[in-house]
Amino acid sequence: MTTGEITAAAEGGSGYRVRRTLPLRVEAIRQFRRRRTLVAFGILLVLPWVLVGAFKIGGDPGPDGVPSLVDVATASALNFALFALFVSTGFLLVVAVALFCGDTVASEAGWSSLRYLLAAPVPRARLLRQKLAVALSYAVVAVVSLPLMALVAGVVGFGWGPVELPTGGTVPAGTALGRMAVIIGYSLVAQLVVAALAFLLSVTTDSPLGAVGGAVGLVIVSNILDAVTALGSWRDFLPTHWMYSWMDALQPQIQWTGMAKGSAISISYAAVLFALAFRRFRDRDIVS
Amino acid sequence: MRLGGALRARWGRTGRAARWSAAAAAIALVGGTAAVGATAGEAPRVRTSEQNVAVVDGPKDDQRVTLDTTFYAPVGRAKGPAVMIGHGFGGDKHGVAEEARALAREGYAVLAWSARGFGRSTGEIALNSPDYEVKDTRQLIDWLAKRPEVQLDGPGDPRLGMAGESYGGAIALMTAAYDRRVDAIAPQITWNDLADSLFPDASGGGAGNGVFKKLWAGLFFTDGAGSSACGRFLPSLCEMYQKVAETGAPTADAVATLRRSSPSSVIDRVTVPTLLVQGQADSLFPLDQADANARGIARNGAPVSVVWYQGGHDGGDSETGRVRGLLRDFFDARLRGGAASRDGFAVTRAGGLDSSTQQVVVEEATARAYPGLGAGPRTLPLDGREQTIFNPAGGSPASISALPGLGALGGLGDLGGLAGGLGGGLPVDMPGQSAQFDTAPLASPLRLTGAATVRIAVSGKGPVPLFAKLYDVSPGGLSVPARRIAAPLRVTPGGEARVTLPAMDYRFDRGHRLRVVLATTDMGFATPPQPASYKVRVVSGLTVPTVPALKTEPTPIPAWVWVLPLVAFAIAAGILVRGRRGRMTEPSLSDVPLEISGLTKKYKNGHLAVADLSFRVEKGQVLGLLGPNGAGKTTTLRMLMGLIHPDSGEIRIFGHRVTPGAPVLSRLGSFVEGPGFLPHLSGRDNLDLYWRATGRPLDEAHMDEALRIAGLGPALERAVRTYSQGMRQRLAIAQAMLGLPDLLVLDEPTNGLDPPQIREMREVLVRYAAGGRTVIVSSHLLAEVEQTCTHAVVMAGGRRVAAGPVAEITGSGRRLEDAFLEIIGEAP
């Protein structure tokens, strides 16, 4: 026990320990039984099977002269998982991450349970930290569960085998699994900016829908700006510009530059946004 | 999914870009440099002057020719070294204007001219002949030596470099051989031996035994011819070409004429520092032409640097910026005494696609010295029995290797077979026309740099033209040309030949096989019309050159990638830093459950909610906090819970100052402004998880007592969202009482309760305080307060207007209601 804790113990009730407030396990249970958590995971876990069904009904995609992941989606389980990730990166995963991180504080404010937690008392910084850790963990599980389920669905639907690259050539399954890890890892880092933005909005507003919608909306705005080629290299600093850079890992030789830039942008934005969230929550009057 | 679609289109752009550059290259053809775009608006202006320069040439020095020239004065200095830039075949001096301006801005005096027979210059095309074009250029050097802007090495001898692409590159080599005044040359994508280029023979038999490169030769000559049959060609040259093109076979005369127009004939006289830039996508003047020039000049003891870039006559990435930078550095080093470039050999490689720009990432690999085309050989066994191949009647359909403009696709081949996918089903080899010999799958990636060789044996009738190519076969069986270049050869049947495959820099991946293909036809070459069949076999392994010394500097990651996160962390730390508020303890107050002094809170909208509020609550009291709506009761209670920061004043609970999250709050149980539960959890789970979130041991919770007060019965196991208002109210009060806090704060506790429950609640509160604990009840039900509370504080407009024992406030015999109305000034 540190001196601070001894003081705290003397000041508070006999059994009160700051470090025991809002344990991660408790917060995880509180969030897990929510319907939206279950629905989000349901969609992410069912989507690969829906896609498998779609390919089975629609037949193999024929090459359309432009190399893309959809052309080789049915080549193997790994290919299918990559395709599933490709179609979900831009929106579905963004929504999932924004949901977990944007909802976490705002919904407590909406239910009025936030004030009772704070008066318990869970110190504000600790409450945010624990909530952020749990929300990020759910987001990570969500982002990881999609390709993993797609891998399972892909094995059932298209069998195990080496990855066919959209640019031609193949990568053996062993190497491809390593690349897959790089891709998922980068996807997580790239979504960090969405998580941070949603989290900041979550501590700012009492409406969970506003927080999630705001984060998704800003991602869409960033995507629109990204389409304005006249902005030139300014677009490099848009938070979503590098969202698809994980595709650089699908080339015969991995290109790291894009992912390095994307990680730098995402981490930088996230650091500032998280700091703003903690500062804002610390100094805020809770009137919900 | 709209966004996914947009991104998919991004991938597509690669294909389009490649096709566009292919088309552009096809238009540019032999033209060499084509002016691209306008010069940058902000760049310093370059002073130019256009003039006709009269020269005399011909074998007998009797032909008068006027050359159209443009002189670009050096920017920012009075005198500068001179650089002459020659244009490509079919072009004129305007084609090099942009390059000339760029060099002039670097302080060079640049001369561009239209060679005889091109543009506005008079005379006929003599193909860089020593009797004609070389004499012209030497007189241009005389002219340059008289310009005041040109730096001189001696009287009539300017400090001079020469550059140019293709036709303009060859004249640089030729002039350097004939004129000592040239100090450095940088020829690009040019020839060493025009005869060998147009009649190549990969078996080493020389141009006399070569196969006619009819497609390129045709383009080459008609480009100079213009609208008429012979156009502006020297009649003797035109006649020679027509004869050769008709028969498809080289004559000794033609070979001799072409040799005379080739640096190969005089390469032993080139003794100046040389930078040779050759294209990897070039089936007209392949890499072996630069190799021959490099070997020839190096033999004279002059320093030679060789660069293989992605472009060439077939198209591909022109890497304009990189090539110009190389040229500038070279001339800076050789004409100005700057630092000599450290590398003798540079190869650019397509490293992959940048997914954000959709550009091919080109990496540069460098080595200290140029090793030639056969360095570091490894021999790979070839598999394949003797195969019979046919030459179709009329030589058609012919297989396709290189086509002008197809080089752009070949460049992407380095990415692992993209060319195969983008070729759009372009037939490469016709069935039955080619023999294939494969190596075993590679155990490790192989980077081939140079020209592979193999010995073959052929049987059949007549001298057989064959086309040797190298393919990359993936484990899946997909085979794509490593480079879209064929090496033609002519073998005498019954004999053997050592075949040198096209020179290239190409990476074969692990598990891939190398395939040697020998075809009977190729669209770019003249092949015999007679149908025939041959038997072909390999009699040796494939000797593969490698240059391990070539090292790629990884594409530099911009500095901001590292700096930005550091800056962001610094900003984040700055955002979070602030002075800590002191947490002082007042020991004398440790027995006082609540002491509020001077408490003031003004909201951002200007509303003064609480103003200078002070009161004190002692142990065992049940205090009623009274006041009309908007009196500041709730704001006070929120400050009590540490939810709102007071502007001034303080709240002490048991002597400890209340701040957000202060540990002393654990001795406070509160129910303020309605219940707050997680609607999806049952009542029991809500209480259970709430207690576990407080960080206190379970045995302190007194859960059963709290649940008894809630009195929910079986409804406790239902989700809270199904509860009535009263049920939630009771559950919330139970939550406030969890752990039996020393100070219990209840805001309108009887809202939504029915009369029996209200009565029960009253008893609960009285009992609770009787145990030495303290209860604060805020309410507007005055009768309620009167019956429950021992003390009261009356607030109005954020201020305390009365405080004390209830009996004192009411005075003698009055009802609290009357007293209250009187106090707040609304008495009847």
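**A pair of helices, then a sheet**

Guide: A place to begin is chain A, where the crossing of α5(A) and α9(A) is right-handed; please keep in mind that this is a predicted model.

Visitor: At what angle do α5 and α9 of chain A pack, and how far apart are their axes?
Guide: Helix α5 of chain A, residues 92-111, and helix α9 of chain A, residues 208-227, pack at an angle of about 150°, and their axes are 7 Å apart. Angles over 145 degrees count as roughly antiparallel, so α5(A) is roughly antiparallel to α9(A).

Visitor: Which residues make the contact?
Guide: On α5(A) they include Val94(A), Ala98(A), Gly102(A) and Asp103(A), while those on α9(A) include Pro208(A), Ala211(A) and Val219(A). The residues of this contact of α5(A) with α9(A) divide into 11 nonpolar, 3 polar and 1 charged.

Visitor: Switching to chain B, what order do the strands of the open sheet take?
Guide: The sheet has 6 strands in the order β32-β33-β34-β29-β35-β36 of chain B, with mixed pairing. Strands β32 (668-671) and β36 (799-805) of chain B stand at the edges with a single partner strand each, so one side of each has no neighbour in the sheet. Direction ignored, neighbouring strands of this sheet are turned by 15° against each other on average.

Visitor: And how many bridges join β29 to β34 in chain B?
Guide: There are 4 bridges between β29 (residues 622-626) and β34 (residues 774-778) of chain B, and these two strands run parallel. Within that pairing, Val622(B) stands opposite Val775(B) in β34(B).

Visitor: Which helix packs on that sheet?
Guide: That is helix α18 of chain B, residues 755-770, which touches β29, β33 (743-747) and β34 of chain B, its direction making about 145° with that of β34(B).

Note on methods:
Residues numbered from 1 in each chain as written. Chains lettered and ligands numbered in written order. Predicted model: local features only at pLDDT ≥ 70, side-chain atom pairs only at ≥ 80, totals over all residues. Pairing = 2+ DSSP bridges. Axes fitted to C-alpha atoms, helices over the stretch in contact; angles between N-to-C directions. Contact = placed C-beta atoms within 7 Å. Parallel < 35°, antiparallel > 145°, perpendicular 65-115°, else oblique. Left-handed = near helix turned anticlockwise from the far one by under 90°. Nonpolar A, V, L, I, M, F, W, Y, C, P; charged D, E, K, R; others polar.
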